[in-house]
Amino acid sequence: MTDYFSLKNKTTVVTGGMGLIGSAITRSLIECDSRVIVIDVNEQGYEQLPKSLKEKIHFENHDLTDLNSIAKVVEDIWNRYDGIDNWINNAYARTADWGNKLEDVTVESWRENVDVQLNSYCIISNEIAKKMAGNGGGNIVNVSSIQALKAPDFEIYSGTEMTSPAAYTPIKAGVLMYSKYLASYFGHRNVRVNAVCPGGVFNNQPESFLKRYNKKTLLGRMATPEEVARPVVFLLTEASSYITGTALTVDGGWTAI
Ligand SMILES: NC(=O)c1ccc[n+]([C@@H]2O[C@H](COP(=O)([O-])OP(=O)(O)OC[C@H]3O[C@@H](n4cnc5c(N)ncnc54)[C@H](O)[C@@H]3O)[C@@H](O)[C@H]2O)c1
């Protein structure tokens, strides 16, 4: 029987694969039998993984914020692994002052975050899509956010140090719309491009925030990293072969109401 959810004999790259969502994506890819390449700057995190997990991951230490080096990184990885079937843009680079309130965001910080969070996803996608198109096809998933779909509700942050950075909404909306652009540009060459829009993932946030956040979801809670990872991986499998240019919302119903 065909297993439409298997990634056996496929090679998948996940950027930011050592992070909260990225490490769950990495584990899900392994469960689906994909060969897994993680691109991340956190080599120490990789070295500390249990041996049984470490030996299933090909780790590549590259700083994806260096936009001028992206074409070469993609080219080198493509050649080293003899082609790539699937690519997931998930890395979350940000400046040291990320998280400042709108009133304190400098022009430089704004520019830099658009460069490292939006432009990097776009330029990486361009480079890998061109290669996939010349090689019979492939799949790209860009991790966006519900903030691409709805403005933040600042009420949920009150009394905490948390906020939703001003640049995050335009960055994630850009990630989503550029995924659609690329899906349109490369669709007839068998490259599928999709975005996933996760809601908030539980990560020991303050209790007052959790109470307010949970109330706004239909399921009454935040996501686990695995609940975001599995829909991302689904978009790489045969089970999703007719899905392209879509935004898959994974938010426990936050945006439904
Ligand atoms: N956590 C959430 O609640 C949430 C919700 C919606 C969307 N997202 C999105 O999910 C994605 C992953 O978020 P996360 O919460 O897992 O982030 P995270 O900070 O836990 O992990 C990000 C990973 O990216 C890596 N990274 C950082 N800078 C890099 C660089 N210059 N080059 C290569 N790798 C780099 C980090 O080392 C880390 O492993 C992001 O795109 C984020 O916007 C997260």
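Modeller: Start with helix α8, residues 225-234, where P225, E227, V228, A229, V232 and V233 are buried. Keep in mind that this is a predicted model.

Colleague: What makes a residue such as V228 in α8 count as buried?

Modeller: The cut-off is 20 or more other C-beta atoms within 10 Å of its own.

Colleague: Which elements do the buried residues of α8 pack against?

Modeller: They pack against α1, β4 (86-89), β5 (138-143), β6 (191-198) and β7 (247-250).

Colleague: Take α1 from that list. Why is α1 called oblique to α8?

Modeller: Their axes come within 8 Å and cross at roughly 55°. An angle under 35 degrees would count as roughly parallel, and 65 to 115 as roughly perpendicular. The value of 55° falls between those ranges, so α1 is oblique to α8. The crossing is right-handed.

Colleague: Which residues of α1 and α8 meet?

Modeller: L20, I21, A24, I25, S28 and L29 of α1 meet P225, E226, V228, A229, R230, V232 and V233 of α8. The classes in this contact are 10 nonpolar, 1 polar and 2 charged residues.

Colleague: Why is α5 called roughly parallel to α6?

Modeller: Helix α5 (residues 107-133) and helix α6 (residues 168-186) pack at about 15°, with axes 10 Å apart. Angles under 35 degrees count as roughly parallel, so α5 is roughly parallel to α6. This crossing is right-handed.

Colleague: Which residues make the contact of α5 with α6, and how do they divide by class?

Modeller: From α5 come N113, V114, Q117, L118, Y121, C122, S125, A129 and A133, and from α6 come I171, G174, V175, Y178, L182 and F186. They divide into 11 nonpolar, 4 polar and no charged.

Colleague: How many residues surround the ligand, and which are the closest?

Modeller: There are 23 residues around the ligand, and the closest are G16, G19, L20, I21 and A93. The elements giving two or more residues to this shell are α1 (20-31) and β2 (35-40). The largest share, 3 residues, comes from α1. The shell divides into 12 nonpolar, 9 polar and 2 charged residues.

Colleague: Where does D33 lie, and why is D33 called partly exposed?

Modeller: D33 lies in the loop between α1 and β2. There are 14 other C-beta atoms within 10 Å of D33. Exposed would need 12 or fewer and buried 20 or more, so D33 is partly exposed. Its phi is near 70°, a positive value in a residue other than glycine.

Colleague: How do you know that N190 counts as partly exposed?

Modeller: N190 has 14 C-beta neighbours inside 10 Å. That number lies between the limits of 12 and 20, so N190 counts as partly exposed. N190 is in the loop between α6 and β6, and phi of N190 is near 65°, a positive value.

Technical notes. Residues numbered from 1 in each chain as written. Predicted model: local features only at pLDDT ≥ 70, side-chain atom pairs only at ≥ 80, totals over all residues. Axes fitted to C-alpha atoms, helices over the stretch in contact; angles between N-to-C directions. Helix = DSSP H or I, 4+ residues; strand = E, 2+ residues; numbered from the N terminus. Parallel < 35°, antiparallel > 145°, perpendicular 65-115°, else oblique. Left-handed = near helix turned anticlockwise from the far one by under 90°. Contact = placed C-beta atoms within 7 Å. Nonpolar A, V, L, I, M, F, W, Y, C, P; charged D, E, K, R; others polar. Near = placed C-beta within 6 Å.
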